[in-house]
Amino acid sequence: MNGDREGWDPTQYLRFSDERLRPAIDLIARLDHPGAVQVVDLGCGAGNALPLLAARFPGATISGVDGSAAMLARAAEAGFATHQADIARWAPPGPVDVLFSNAALHWLPDHAGLFPRLLGTLAPGGTLAVQMPAMHDAPLRALQDQIARQGRWAERLRGVSSAPPILSAGDYYNLLRPRVAGLEMWFTEYVHVLQGADPVVQWAMGSSLRPYLDALDEAERPDFLAAYGEALRPHYPTQADGTVLLPFRRFFLLASM
């Protein structure tokens, strides 16, 4: 999957909207650019972060970019300007003061080329603010590939995968530090308290599981999801009150010019 996100379902993604928004809230709280005029949310999805960015930068023009028309339709409901584009190849019409991206850039390959290019879109004194899941080795993600290679859907899912692993913190440091005036990086692991039947499966259906589901016929999806859910349950057991805990690790990056 690239930055298009054409098969994304806003309703499924927003099923856990509060949990998915927390990292954006935390990242926006760390942003400091008193003179920001142009603020762009790259990979804005359904636009949940746009009002938060507007509150943080009340004098700026706030816009969102995403590859999914369905997601942008939701984002436009909030009254913000949006633009449909493949975020892997997007370029702004002019310099950007704050380029914000929450849980989007990990879908794209070649970060060694991508991140310097994004820095090049910034105005003097501009900031690149990025959050990406750091979950490639977690059962939530690792079991997707394992289940995809088993069962009657294996041939159909040959070559299908979810987002590639992100780089190490050291790799991002070595890539970006020589190019910027300031660089902050940190990890946060959230422990989401989820409810409902197979809630970790439902979580994945709104994001990392999309490439597999999009490649399957509708009739094949229930068995695939059942196999995935069975494999997940020992790693994400039901708690005494019926909830399920999902530890979710995320990587944050603030680079200023």
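User: At what angle do α5 and helix α7 pack, and how far apart are their axes?

Analyst: This is a predicted model, and in it α5 and helix α7 (residues 169–176) pack at an angle of about 45°, their axes being 10 Å apart. Angles under 35 degrees count as roughly parallel and 65 to 115 as roughly perpendicular, so α5 is oblique to α7. The crossing of these two helices, α5 and α7, is right-handed.

User: Which residues make the contact between α5 and α7, and what are their classes?

Analyst: From α5 the contact draws on H111, A112, F115, P116 and L119, while α7 supplies Y172, L175 and L176. Sorted by class, the contact of α5 with α7 has seven nonpolar residues and one polar residue, with no charged residues.

User: How should I read the packing of helix α6 and helix α10, and what is their angle?

Analyst: Helix α6 (residues 139–148) and helix α10 (residues 221–232) pack at about 135°, with axes 10 Å apart. Since only angles over 145 count as roughly antiparallel, α6 is oblique to α10. The crossing of α6 and α10 is right-handed, and its contact is made by P139, L140, L143, Q144, I147 and A148 of α6 together with F224, A227, Y228, A231 and L232 of α10. By class, the contact of α6 with α10 has ten nonpolar residues, one polar and no charged.

User: Which residues of α6 are buried, and what do they pack against?

Analyst: Burial is judged by relative accessible area, with under 20% counting as buried. In α6 the buried residues are L140, R141, L143, Q144, I147 and A148, and these pack against α8, α9 (210–215), α10 and β7 (244–256).

User: Where is A204 found, and which residues does A204 touch?

Analyst: A204 is found in helix α8, and because its relative accessibility is 0%, A204 counts as buried. Leaving aside residues up to four places away in sequence, A204 touches L140, Q144, L209, R210 and Y228.

User: What should I look for in the backbone, for instance in the phi of A103 and of D198?

Analyst: The general idea is that most residues other than glycine have a negative phi. For A103, phi is near 55°, a positive value in a residue other than glycine; A103 is found in the loop between β4 (96–102) and α5 (111–119). For D198, phi is near 45°, likewise positive in a residue other than glycine, and D198 is found in the loop between β6 (182–194) and α8 (199–205).

User: Are A103 and D198 buried or partly exposed?

Analyst: A103 is buried, with a relative accessible area of 11%, whereas D198 is partly exposed, with a relative accessible area of 31%.

User: What is the average pLDDT of the protein, and where does pLDDT stay under 50?

Analyst: The protein averages a pLDDT of 93, and 94% of the residues score at least 70. Over residues 1–5, however, pLDDT stays under 50, and for this stretch the model has 21 contacts beyond four places in sequence. Where pLDDT is low, the predicted coordinates should not be read in detail.

Conventions:
Residues numbered from 1 in each chain as written. Predicted model: local features only at pLDDT ≥ 70, side-chain atom pairs only at ≥ 80, totals over all residues. Heavy atoms only, no water. Axes fitted to C-alpha atoms, helices over the stretch in contact; angles between N-to-C directions. Helix = DSSP H or I, 4+ residues; strand = E, 2+ residues; numbered from the N terminus. Left-handed = near helix turned anticlockwise from the far one by under 90°. Contact = heavy atoms within 4.5 Å. Nonpolar A, V, L, I, M, F, W, Y, C, P; charged D, E, K, R; others polar. Buried < 20%, exposed > 50% of the residue type's maximum accessible area, 1.4 Å probe, protein only. pLDDT = per-residue confidence, 0-100.
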